[in-house]
Amino acid sequence: MKANAPAVMPTADVPDPPTSVTATANNDGTVDVTWPAANGGGRKIVQYQVVAISTGQQAPVGQSTTTTLKIDKTVLTYGTQYAFTVTAVNDKNASSKPSPASNMPKPPLRMSPGSTMPPFPRERSTSVPRRSS
């Protein structure tokens with residue numbers, strides 16, 4: 001006879017927030033936001049909600065069922081720095097507190113159409129005089 005495993009009892013009704021969030025600005029204007037899985041306290045995490053923070057303003061920018069979100073370039077204002085927080089939502093629709101804010105990635109340099117990169121300075125060669133023996 002096989003013994004049944006004891007049922008897992010949830011230890012919390014509200015999940016813990018993700019412990020850290022990292023944001024990476026991409027050359028195409030998108031931003032990748034990643035975080036470790038949140039502790040659901042015995043309940044399943046069904047969704048993460050991501051919020052952008054800039055100059056004291058907060059705005060939701062997307063949701064994900066995984067631990068990463070690519071934010072489209074049309075969602076954020078190019079040239080503006082943002083930090084991001086992530087909230088975990090469990091199967092009872094309970095939300096965690098927001099995670100600590102991410103780093104604030106600087107957007108990559110974007111060239112205007114038709115512009116060219118400035119020329120790099122030419123390397124100067126120097127000669128070292130030979131020592132006479």
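This is a predicted model: local features need pLDDT of at least 70, side-chain atom pairs count only at pLDDT 80 or more; totals for chains, interfaces and linings use all residues.
Me: What is the order of strands in the open sheet?
Reply: The order is S1-S2-S5, with antiparallel pairing.

Me: Why is one side of S1 and of S5 left without a neighbour in the sheet?
Reply: S1 and S5 stand at the edges, and each has a single partner strand, so one side of each has no neighbour there. From one strand to the next, the twist averages 15 degrees.

Me: Why is Ala37 called exposed?
Reply: Exposed means over 50% relative accessible area. Ala37 has 58%, so Ala37 is exposed. Ala37 lies in the loop between S2 and strand S3 (45-54).

Me: Which residues is Ala37 in contact with, leaving aside neighbours within four places in sequence?
Reply: Tyr48 and Thr67. Contact means heavy atoms within 4.5 Å. Ala37 and Ala88 are 51 residues apart in sequence, and their C-alpha atoms are 8.7 Å apart in space.

Me: What is the confidence over residues 114-129?
Reply: The pLDDT stays under 50 there, on a scale from 0 to 100. The model has two contacts beyond four places in sequence for this stretch. For the protein, the mean pLDDT is 79, and 71% of residues reach 70 or more.

Key
Residues are numbered from 1 along each chain as its sequence is written. Side-chain values use heavy atoms; hydrogens and water are left out. pLDDT is the predictor's confidence in each residue, from 0 to 100. Two strands pair if DSSP finds at least two bridges between them. Helices (H or I, at least four residues) and strands (E, at least two) are DSSP runs, numbered from the N terminus. Axes are lines fitted to C-alpha atoms, for helices over the stretch in contact, and angles run from 0 to 180 degrees between N-to-C directions. Buried means under 20% relative accessible area, exposed over 50%, partly exposed in between (1.4 Å probe, protein chains only).
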